[in-house]
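Please read them with the structure open.

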Amino acid sequence: MSAFPDVVDKQPQLGGPDALTFPADWTLTTSWRRAQTRDSKANPLTDAEFMVRLEDRGIHRVTFAVDGGELVADCDCQGWHFHEWCAHVAHLWWKWSRGRLVVHDLDADRPREMPPAWLTVDREGEC
Ligand SMILES: [Zn+2]
């Protein structure tokens, strides 16, 4: 018997970040459009985290790394909280896929200057 029967289901998911799932039609999302702004900064904070600022909308702490053979991501913004997709994560992907960002592979303990070929983000051919 719990004294707080409603609390359990409302707990946020804790623990490590989940593997990044790109939403359907992600290249059409507003986040993806915003991600490509030139007015941006993405500074490495730790091996797995970046501080990201897009335009003048505030700085967000974003986890973005390769872990367990998957790209894991997390962001402290509202967009990520509600949709698990946001312009900050999209921005890091945009930079990385163009060779403008170094992302750490936590398993291999080495930097990756481009997304590895085995890292697929589009679920083509599933229909
Ligand atoms: Zn975000």
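1. A hairpin of 4 residues joins E1 to E2. Helices (H or I, at least four residues) and strands (E, at least two) are DSSP runs, numbered from the N terminus. The model is predicted: local features need pLDDT of at least 70, side-chain atom pairs count only at pLDDT 80 or more, and totals for chains, interfaces and linings use all residues. Residues are numbered from 1 along each chain as its sequence is written.

2. Strand E1 (residues 40-44) runs antiparallel to E2, with 5 bridges between them; two strands pair if DSSP finds at least two bridges between them. Asn-43 stands opposite Met-51 in E2.

3. E2 is also joined to strand E3 (residues 59-67) by 5 bridges, again antiparallel. Phe-50 has Val-62 of E3 as its bridge partner. The hairpin of E2 and E3 has 4 residues between the strands, and Glu-55 in the turn has a positive phi of about 50°.

4. In E2 (residues 49-54), Phe-50, Val-52 and Leu-54 point to one face and are buried (20 or more other C-beta atoms within 10 Å of the residue's own, C-beta atoms being placed from the backbone; exposed is 12 or fewer, partly exposed in between).

5. Beyond its neighbours within four places in sequence, Cys-86 is in contact (C-beta atoms, placed from the backbone, within 7 Å) with Ser-31, Cys-75, Cys-77, Gly-79 and Trp-80.

Terms used:
Two residues are in contact if their C-beta atoms, placed from the backbone, lie within 7 Å.
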